Amino acid sequence: MAKKIPAINASSMADISFLLLIFFLVTTSMDVNQGLARRLPAPIPPDQKIEDTDINKRNLLVVKINSANQLMVQGQLTDVKQLREKAKEFILNANDEANMPKLFEEDFGEPFGVLKYTKEHVISVQNDVDTQYQAYLDVQNELVAAYNELRDECARKYFHKGYNELDEDQQKRIQKIYPQKISEAEPKNYGGN
Amino acid sequence: MAKIRRNEKREMPALNTSSLPDIIFMLLFFFMSVTSMKEVTYKVQFQNPQATELTKLEKKSLVRYIYVGTPTAEFRKQYGAETRIQLDDAFAEKNEIGEYIINERSSMKEQDQGQMTVSIKADKETRMGVIADIKQELRRAYALKISYAATQRTNY
């Protein structure tokens, strides 16, 4: 007859796992790490002269934020909620207006065909030293949102899918039509303390 | 005939707790999978700003953090209430950022070095002057992939 193995006393197992559970509860934080991803421009070598890059005035959308977190878009006082629409209008320039960026025609291949797009547009964000971080991030967020919405619209038109559902290659092709060009100047003191 | 037993003490049967560890382990695994380890002990306090166009940071090992905020209550006496920068576990000056980034990058695998992301965790009240200084330092150290840590905005 086989010898019977005595049952191992497992009553302390619960205590051990409780300890582990409490340890994890204490050491962890629930918040997920997410944020607004941006890319900084490469540094200018010290021996290189700063050239005045000649950007045609019509290709430039100037967004200024002062120390009181007020927003000025193309010289007009604007609410941050209107920025997204203004940026989209500027990037698209659907009606080929003279004060909006120049349109270029290019063949993007199937399924886009020949499209008109504003190749050289630049959105310039200028902020004051005393601007609040939240106000700055709001502006950045709205500008990124404008690009995301345009790309999403384009994806739905040509691929009948949302931009996020496309594969990497398709996303890259749409990025070519709507290149993200947000430039950030060095902070200046615009006054208004 | 029914017998009424009075004198016999009735004992409650022992509760079977053999499945308790399993339940606790399930809880444990749940918490392990949904949470992330705290990276450092915060010496500055900050409240993340809000935004909507958020992307998740991938590959935790390639992310380094810069914390910006006012010192917590216990350090207030020593460091004052001005906005300070924290790198790893210690307060730092802005000119130390470059060195820190270069050190951290050289400790990574060579093929990963270009993928390094710097997450700026700053308080929403921070003045942009500080953030701009940090950005300049990061540019100089060629840490160009950055992420402004933010929480999802729920209302406008």
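Predicted model: local features only at pLDDT ≥ 70, side-chain atom pairs only at ≥ 80, totals over all residues.
Student: How many charged residues does the contact of H2(A) with H3(A) have?

Tutor: H2(A) contributes residues including Arg84(A) and Lys88(A), while H3(A) contributes, among them, Asp138(A), Glu142(A) and Glu149(A). By class, the contact has 10 nonpolar residues and no polar ones. The number of charged residues is 5.

Student: Which element gives the largest share of the largest nonpolar core?

Tutor: That core holds 47 residues, and Ala87(A) and Val139(A) are among those that touch the most other members. Beyond its neighbours within four places in sequence, Val139(A) is in contact with residues including Val80(A) and Leu83(A). The largest share of the core, 10 residues, comes from H3(A).

Student: Which element gives the largest share of the side of chain A that touches chain B?

Tutor: In total, 41 residues of chain A are in contact with 44 residues of chain B. On the chain A side, the elements that give two or more residues are helix H1 (13-27), strand S1 (28-29), strand S2 (34-39) and H3. By class, this side has 23 nonpolar, 14 polar and 4 charged residues. Its largest share, 9 residues, comes from H1(A).

Methods
Residues numbered from 1 in each chain as written. Chains lettered and ligands numbered in written order. Contact = placed C-beta atoms within 7 Å. Helix = DSSP H or I, 4+ residues; strand = E, 2+ residues; numbered from the N terminus. Nonpolar A, V, L, I, M, F, W, Y, C, P; charged D, E, K, R; others polar. Core = buried A, V, L, I, M, F, W, Y, C linked by C-beta atoms within 7 Å. Buried ≥ 20, exposed ≤ 12 C-beta atoms within 10 Å, placed from the backbone.
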